Amino acid sequence: MKFQPLLLVCVLFISATAISQHQKGDWMLNISASPYPTEQNNGKDFGIVGLTGMEFFVSDKVSISGNLVLSDNSTFKNESNIEATSYSIVPSVQYYFLNRSKLNVFGHVGYGLGFKSDTSTPLDNEALRIYSVGPGAHYRINETLWVKLFLPYFNAKDITFDQNEADGVAVFIGLQFKL
């Protein structure tokens, strides 16, 4: 019976690996941010887009999430003298192409609504429509903490005035916590 210790080590390794990857029923808290450079009114502004959300795994490969997206065009620099702040709710679905103990790679699709406050218009609030689609990855630091990189094509449209507010690929970097 020389193979029993080897068999025991293999079973323990496989069990530990399975426990640390995302599984059906897992809940995750995500917090990430992306730089938000804009140019308007002959001035360059530099702000931030923040994203926080709860993610629930309906299977080992599919999750759904509710995300709160907050943006401010002049967090760090405001040459345009225009301040634009937005708040949006964006539900989304993620499909995990790779779900391993250390690294996960996923595709994302999200669509939501929100509102914007902008000092360049006479209205206090304007309606927004937002959608995003793109890839992302998580890298596990320990059993409950992951680093997240998310690269969605992101489009935010002011539906009050029928104009694009943001359009292009965003780079979100943040943390994910297993609850």
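Me: Where is aspartate 162 placed?

Reply: Keep in mind that this is a predicted model. Aspartate 162 lies in the loop that links strand 8 to strand 9.

Me: What makes aspartate 162 count as exposed?

Reply: Exposed means over 50% relative accessible area. Aspartate 162 comes out at 57% relative accessibility, so it counts as exposed. Its backbone deserves a look too: phi is positive, about 55°, although the residue is not a glycine.

Me: How do you know that strand 8 and strand 9 pair?

Reply: Pairing takes at least two bridges between the strands. Here 6 bridges join strand 8 to strand 9, and the two run antiparallel. For one spot to look at, phenylalanine 154 stands opposite glycine 168 in strand 9. The two strands form a hairpin with 4 residues between them, and aspartate 162 is in that turn.

Me: Which loop holds asparagine 41, and why is that residue called exposed?

Reply: Asparagine 41 is in the loop between strand 1 and strand 2 (43-57). Asparagine 41 isn't a glycine, yet its phi is positive at about 55°.

Me: Why is glycine 112 called buried?

Reply: Buried means under 20% relative accessible area. Glycine 112 has 4%, so it is buried. You'll find it in strand 5 (residues 103-118).

Me: Which residues is glycine 112 in contact with, its neighbours within four places in sequence left aside?

Reply: Contact needs heavy atoms within 4.5 Å. With those neighbours set aside, glycine 112 touches Ile89, Val90, Pro91, Leu128, Arg129 and Ile130. Take leucine 128: it is 16 residues from glycine 112 in sequence, and the C-alpha to C-alpha distance is 8.4 Å.

Me: How many helices and strands does the chain have, and how much of it is buried?

Reply: The chain has 1 helix and 10 strands, and the order from the N terminus is α-β-β-β-β-β-β-β-β-β-β. Of its 179 residues, 39% are buried. As for contacts between residues at least 6 apart in sequence, 56% join residues at least 24 apart.

Me: What about the largest pocket: how much space does it hold, and which residues are closest to its centre?

Reply: About 300 Å³ of space lies in the largest pocket. Its lining has 21 residues, and Tyr36, Val49, Phe154, Glu165 and Ala166 are the closest to the centre. Among the elements giving two or more residues are strand 1 (27-40), strand 3 (62-78) and strand 8 (153-158). The largest share, 5 residues, comes from strand 9.

Notes. Residues numbered from 1 in each chain as written. Predicted model: local features only at pLDDT ≥ 70, side-chain atom pairs only at ≥ 80, totals over all residues. Heavy atoms only, no water. Buried < 20%, exposed > 50% of the residue type's maximum accessible area, 1.4 Å probe, protein only. 1 Å grid on protein atoms, 1.4 Å probe; cavity = no way out; pocket = protein on both sides within 12 Å on 5 of 7 lines; lining within 4 Å. Points joined across faces, edges and corners; volume = space filled by probe spheres on them.
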